[in-house]
Amino acid sequence: MIELIDIGLNLGHRSFEKDRAAVMERAQAAGVGHMIITGTSAAASEAAAALARDDRARLSSTAGTHPHHAKEFSGATAETIRSLAAREEVVAIGECGLDFNRNFSTPDDQRACLRAQLEIAADVQLPVFLHERDAHEALCELVEPALPRLAGLVVHCFTGGPEQAERYLAMGAYLGITGWVCDERRGQALREAVTMIPGDRLMLETDAPFLTPRDAPKGTPRRNEPAMLPHVLRAVAKLRGQTPEAVAAAATANTRRFFGLA
Ligand SMILES: [Zn+2]
């Protein structure tokens with residue numbers, strides 16, 4: 001079986017505090033050999049890097065500030081992200097981006113926070129791990145001028161339709177697919193988009209503990225975990241008319257290349 005890599009999970013989330021080791025064991029048993037922990041704030045990014053440093057074979061992390069936390073972003077936050085970026089376990093800047101779905105921070109604060117992180121990513125030449133909800137157009141407008149200076153970008157937890165996918169792909173972005181794709185109601189646009197993503201631009205993620213696939217077997221716990229990644233893989237493969245093995249091979253190769261994993 002081809003090793004899978006979960007490009008986005010929140011392993012530092014408090015819901016994993018008590019049984020993180022068991023969660024990682026189950027992931028490994030399910031064929032998920034490596035996981036990239038998402039950094040969502042200065043403190044969470046430091047915690048993610050600390051977890052990754054303790055288990056380099058299985059873990060890497062990102063360093064950044066989620067748009068929800070944009071209002072907390074400061075010069076000190078930028079310094080933390082820069083110093084984390086120098087560590088070998090930190091493989092991307094983010095998650096950063098725009099989330100106009102809930103606007104926990106104002107759109108202006110979100111834009112400033114994203115610009116600052118694109119600047120850092122360009123300086124340190126790490127790829128950007130992007131988050132976008134209900135802000136596709138605004139995100140494209142802000143990121144496109146920075147493209148020539150960026151090492152790469154992945155739109156994590158992509159939930160849009162074919163048109164949005166097309167624009168991101170034209171920007172050179174990779175697209176991270178989560179269990180959102182398993183939802184036949186709200187995931188319809190994404191299910192169409194997944195059929196047209198080139199095999200060399202696709203990555204897989206669970207976004208655990210969030211986004212438990214809606215069609216998960218009865219009795220699946222509410223809390224999502226990385227062991228569910230093969231479930232996402234099978235859904236993506238079915239939609240694309242490919243074997244899970246072929247999709248896994250492509251996604252894992254993309255992920256290793258993009259994040260510079262061994
Ligand atoms: Zn996100």
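Reader: In which strand is the place of Glu95?

Author: Glu95 is placed in strand S4, where a strand is a DSSP run of E with at least two residues, a helix is a run of H or I with at least four, and both are numbered from the N terminus. The structure is a predicted model, in which local features need pLDDT of at least 70, side-chain atom pairs count only at pLDDT 80 or more, and totals for chains, interfaces and linings use all residues. Residues are numbered from 1 along each chain as its sequence is written, and side-chain values use heavy atoms, with hydrogens and water left out.

Reader: Why is Glu95 called buried?

Author: Buried means a relative accessible area under 20%, exposed means over 50%, and partly exposed lies in between, with a 1.4 Å probe and protein chains only. Glu95 has 4% relative accessibility and therefore counts as buried. His156, at 3%, is buried as well.

Reader: What makes Glu95, His131 and His156 donors of the zinc ion?

Author: A donor is an N, O or S atom within 2.8 Å of the metal (3.2 Å for Na, K and Ca); water is not among the atoms, so a site may look incomplete. The protein donors here are OE of Glu95, ND1 of His131 and NE2 of His156, and they lie 2.0 to 2.1 Å from the zinc ion. In sequence their spacing is E-x35-H-x24-H. Distant parts of the chain are linked in this way: Glu95 belongs to S4, whereas His156, 61 residues apart from it, is in the loop between strand S6 (153–155) and helix H6 (162–170).

Reader: Which residues does Gln117 contact, apart from its neighbours within four places in sequence?

Author: Contact means heavy atoms within 4.5 Å. Gln117, in helix H4 (residues 107–124), contacts Gly64, Thr65, Phe73, Ile81, Ile93, Gly94, Glu95 and Cys96. Its relative accessibility is 0%, and Gln117 therefore counts as buried.

Reader: How do you know that the buried residues of H2 line one face of the helix?

Author: The buried residues of H2 are Ser45, Ala48, Ala49 and Ala52. Seen down the helix axis, they fall within an arc of 100 degrees, so they line one face; the arc is that of the directions from the axis to the C-beta atoms. These residues pack against strands S2 (32–37), S3 (59–63) and S4 (90–99) and against helix H3 (75–85).

Reader: Which element gives the largest share of the lining of the largest pocket?

Author: That element is H2, with 4 residues. Together with S4 and strand S5 (128–133), H2 is among the elements that each supply at least two lining residues.

Reader: Why is Gln125 classed as partly exposed?

Author: At 46% relative accessibility, Gln125 falls in the intermediate class and so counts as partly exposed. Gln125 lies in the loop between H4 and S5, and its phi is positive, about 55 degrees, although Gln125 is not a glycine. Leu211, in the loop between S8 and H8, likewise has a positive phi, near 55 degrees, in a residue other than glycine.
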